[in-house]
Amino acid sequence: MSVATLPPIRDADAPFCPGGIDDTPADLIIESSDRVHHHTHKAILAFSAHCFRNLLEFPSPTGEDANPERDGKPILSLPEDSVVMRKLLLALYPRSSQAFVIKDLDGIDGAVEAAKKYDSPVATTQLHAALRDVQLMDNQPHRIYAIACHNGLEDIAKEAAVATMRLSTGRSPFNRYFRLPPPEYNYISAHQLWLLENFQQEGAHSIASALSEQTWSEGPPNPDAIDINEYGAVWWKDVVYVNLQEVRHAQGCGMRSVGDDYDVGPSSWFFAHVQHLRENLSDMSMETVTQKLTMLSPETLKAILACPACSALASTHLSRLSKWFSTKVVQILRATASKTNFTEGRFV
Ligand SMILES: [Zn+2]
């Protein structure tokens, strides 16, 4: 780049602007590749990164080789751009205020690499923690997946893959309202993208199997079961008790025999309800699935209201099932993710 095309020098935003950190004047300026001046403290950099410690311990060159200075402070030019440098510095500084909290993913991919290059376990730990941040994970799991794949962070890649299943389809990167892919998709291979899609299909399949467990029983379910996941729900019972009163299902409702053997199914309305969910699973996120367990169609509602036992207990039992199922879904997806090695691009 010729001198004429260099961007003008400007100061970084707070907290790395001049006077950005109360009471402690900066004593080192770090210039990024795009000529942004970050006003920093030698002692903190030396404490947080081995590479800076070595660099800053050397006596500064003098004479013609002297480092450039600004207001008596040495300027250290580094090859990272200002977006990456900002994230690296945030990860190097102690989090003394909100100003030092990492709030978005921009530049994290480069900062993870830089933390390794400048030999800073502190920054590496902080950047990994930012990638695991619940809010970022919920909102932008595809970006985190790509950053994790690019940097070989297998555990984070697994967590992010699971989190992509939480995202409603309207917010997936393949939604037609997204004009651009997640920026970090530049750094991952088609193979790694395939692994993510393959995991999502496997995950949806496992959720469907778990749903079908709810509608089928080989042999009679335990009549004393209380837990919702062990046939404790009204749709598996012949008799239920409401305020100590025995209540039976309406004619044609309640547990029924299926086929010639001892196979049984739950109340027809519940069977149909879950069947419908399973059939539409491919365009649902896992949160939608658990929510939809409690969302009833007019036909289902009609069937429930026609039965004294179901109208007394179905709504409560469906909510309990939904709550239990949302925990179960996470376990299922984590187990599914554990079978894939996303960062090395091969099955374990
Ligand atoms: Zn019933």
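Q: How many cavities of 30 Å³ or more does the count come to in this predicted model?
A: The structure is a predicted model. A cavity is a set of points where a 1.4 Å probe fits but cannot get out. By this rule, the count of cavities of 30 Å³ or more comes to one.

Q: What is the volume of the largest cavity?
A: The lining of the largest cavity includes P15, C17, P18, H39 and H41. The volume of the largest cavity is about 40 Å³.

Q: How many residues in the lining of the largest cavity are charged?
A: Among the lining residues are G19, G20, I21, T24, P25 and A26. Asp, Glu, Lys and Arg count as charged. The lining divides into six nonpolar residues and five polar ones, and the number of charged residues is none.

Q: Which residues of helix 13 make the contact with helix 9?
A: Helix 9 passes helix 13 in a right-handed crossing. From helix 9, the contact includes F199, E202 and G203. From helix 13, the residues are F325, K328, V329, I332, L333, T336 and A337.

Q: What is the C-alpha to C-alpha distance between D263 and E218?
A: D263 lies in the loop between strand 8 and strand 9, and E218 is one of the residues that D263 touches. The two are 45 residues apart in sequence, while their C-alpha atoms are separated in space by 4.6 Å.

Technical notes. Residues numbered from 1 in each chain as written. Predicted model: local features only at pLDDT ≥ 70, side-chain atom pairs only at ≥ 80, totals over all residues. Heavy atoms only, no water. Left-handed = near helix turned anticlockwise from the far one by under 90°. Helix = DSSP H or I, 4+ residues; strand = E, 2+ residues; numbered from the N terminus. Contact = heavy atoms within 4.5 Å. 1 Å grid on protein atoms, 1.4 Å probe; cavity = no way out; pocket = protein on both sides within 12 Å on 5 of 7 lines; lining within 4 Å. Points joined across faces, edges and corners; volume = space filled by probe spheres on them. Lists of a residue's contacts leave out its neighbours within four places in sequence.
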